[in-house]
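Colleague: I am new to this one. Can we go through it step by step?

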Amino acid sequence: MQTQTKKQCMTTKTIASCALLAALNIVLARLIGLMPNASSRFSIEAVPVFLAGMLFGPLAGGMVGFSADFVGCLFSGLGYNPLFCVPPILYGVFGGVFRRFLSGNVTIFRLLISFLPPVVLGSILYQSATLSYIYFKGPFMEGLIYFLSTRSIQFAITMLLDTVIIYILFRSGIFERLGYWPLKSANADQ
């Protein structure tokens, strides 16, 4: 007789929480933020996506990042371009990848380390290359350098804001009261 492997699935509470985090991302990205020019936007939209990954795992975080970006683009009037969905997915995935690292003690330093990969790989490098390829009228490398320089400053600021906001949320104890944190051993591998 074969032993059944334990199937991991998302609970109704997890799905509902992820839907709320995706909705919060849409509100933060589309309604609350500062957009000084066409290629820069200062917002804290990554906070709910990163939290989804951190609280529910990389799959849930990636799904929240994708769905929030997809639905948000439909409301923006600019249309949806699948090339731009990679960074939000990375925020959720890396939030989940670093959840064990953060489960011991959520500190500003640990949060900054956890935010570095999605910020550098997704928001700065990948998104700058995509923006240069699609929108820059001129040589690709010239556009890439332009976007890298402006977006590096933009995301250094937003990464610090995102880190401080998540740190304050964890210090408030809200996730403990909701039963999402600290990670439970059976829940830690989702």
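Colleague: Which helix does K13 lie in?

Modeller: A word first: this is a predicted model. Helix 1 covers residues 12–30.

Colleague: Is K13 buried, exposed or partly exposed?

Modeller: K13 has a relative accessible area of 45%. Buried needs under 20% and exposed needs over 50%. So K13 is partly exposed.

Colleague: Leaving aside neighbours within four places in sequence, which residues is K13 in contact with?

Modeller: Contact means heavy atoms within 4.5 Å. With neighbours within four places in sequence set aside, K13 is in contact with L178 and Y180.

Colleague: How is helix 2 oriented to helix 7?

Modeller: Helix 2 spans residues 46–56 and helix 7 spans residues 140–172. Their axes are 10 Å apart, and the packing angle is about 50°. That makes helix 2 oblique to helix 7.

Colleague: How many nonpolar residues does the contact of helix 2 with helix 7 have?

Modeller: Helix 2 brings A46, V47, F50, L51, M54 and L55. Helix 7 meets them with D162, I165, I166, L169 and F170. By class, the contact of helix 2 with helix 7 has no polar residues and one charged residue, and the nonpolar count is ten.

Colleague: How many disulfides does the count come to?

Modeller: A disulfide is a covalent bond between the sulfur atoms of two cysteines. By the 2.5 Å rule, the count of disulfides comes to zero.

Notes
Residues numbered from 1 in each chain as written. Predicted model: local features only at pLDDT ≥ 70, side-chain atom pairs only at ≥ 80, totals over all residues. Heavy atoms only, no water. Axes fitted to C-alpha atoms, helices over the stretch in contact; angles between N-to-C directions. Helix = DSSP H or I, 4+ residues; strand = E, 2+ residues; numbered from the N terminus. Parallel < 35°, antiparallel > 145°, perpendicular 65-115°, else oblique. Nonpolar A, V, L, I, M, F, W, Y, C, P; charged D, E, K, R; others polar. Buried < 20%, exposed > 50% of the residue type's maximum accessible area, 1.4 Å probe, protein only.
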